[in-house]
Structures are given as C-alpha cells and as structure tokens.
Amino acid sequence: MRPADAAHDDGVFRAAGEAATFQPLRFGFHMLAFAGIPAAFLLWAKVVHRPFFWQLRGNLALAVPTLVVAPAVALTHSGKYASIVEEDLKVADGGNAAGASFITRRP
C-alpha cells in the first residue's frame, strides 16, 4: 500500500470525513443558545457602580450569613458523616478500624 493510500483509508485525517459530520445549522443554534443569549443578557444587565466600601458591606451582608448557615446545616448531619468516615476507615484497615478509635457514635 502506498503512503498516499494509507492516508485515504483513515477517515480521521480526511477532510470529507470530517465535513460529513459537521452540521453548520445545528452548530449555529448551539453557539447562539450557549454563547449569544448569555452574552446578550450580560450586555443588557444594568450594572450599578457603588463606592468600594458600600459594595463590600453589601457583599458581606450576603457572605457572612451564608458562612454561618452552611456549617450549621452540615453539623446537623455530623453523626452520619462520622459513621461514613468510620466505615471507610474500617474498610481501609481491613476491619481493624485502628484509625477509627477517636470517632464516637452518638445514640
């Protein structure tokens, strides 16, 4: 087989093989939906520029309660998390659970 024929046998390197699966209309709709519309929304949104410390105060008013609530919600399930870690340590130790001795199970 000649080197030129070998290149024609591989559909990955043929321009006709690549162009056969390329569908410009579907690609155009995809680009419009996932690039054009979000870009239009960003251009349409009105940005209010405030002084730095006013913006910082507003951001902290959202961030601090979130940083308090998220760990509080996680702590309500801490017994489940501890039992999962204990089980993982037992499996890792082959059933000995030598590293799981510090975990206590609450009734």
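How exposed is Val64, in terms of relative accessible area? Val64 is partly exposed, at a relative accessible area of 43%; partly exposed lies between buried (under 20%) and exposed (over 50%), with a 1.4 Å probe and protein chains only.

## Basis of the model

This is a predicted model, in which local features need pLDDT of at least 70, side-chain atom pairs count only at pLDDT 80 or more, and totals for chains, interfaces and linings use all residues. Residues are numbered from 1 along each chain as its sequence is written, and side-chain values use heavy atoms, leaving out hydrogens and water.

## Overall fold and surface

The protein has 5 helices and 0 strands, in the order α-α-α-α-α along the sequence. Helices (H or I, at least four residues) and strands (E, at least two) are DSSP runs, numbered from the N terminus.

Of the 107 residues in the protein, 4% are buried. The protein exposes about 9700 Å², and 70% of this comes from carbon and sulfur atoms; the areas are from the Shrake-Rupley method with a 1.4 Å probe.

Val64 belongs to helix H4 (residues 52-75). From first C-alpha to last, the 24 residues of H4 reach 34 Å, close to the 34 Å expected at 1.5 Å a residue (1.5 Å times one less than the number of residues). H4 bends by about 25° at Leu60, the angle between axes fitted to the seven residues ending there and the seven starting there.

Val64 is also part of a nonpolar surface patch with Phe52, Phe53, Leu56, Leu60, Val68, Val69 and Val73, with about 780 Å² of accessible area together. Patch residues have over 30% relative accessible area and no salt bridge, and nonpolar side chains are joined within 5 Å. A salt bridge is a side-chain nitrogen of Lys or Arg within 4 Å of a carboxyl oxygen of Asp or Glu.

## Aromatic pairs

Rings pair if their centres lie within 6.5 Å; planes under 30 degrees apart are stacked, over 60 edge-to-face, and the rest tilted. The count is 2 aromatic pairs. The ring centres of Phe41 and Trp44 are 6.4 Å apart with planes at 50°, so this pair is tilted. Both residues lie in helix H3 (residues 24-44), 3 residues apart, and both are exposed.

The rings of Phe52 and Phe53 have centres 5.1 Å apart and planes at 80°, so they are edge-to-face. Phe52 and Phe53 are both exposed.

Terms used:
Rings of Phe, Tyr and Trp (its six-membered ring) pair if their centres lie within 6.5 Å; planes under 30 degrees apart count as stacked, over 60 as edge-to-face and the rest as tilted. Patches are made of residues with over 30% relative accessible area and no salt bridge: like charges are joined within 9 Å, nonpolar side chains (Val, Leu, Ile, Met, Phe, Trp, Tyr) within 5 Å.
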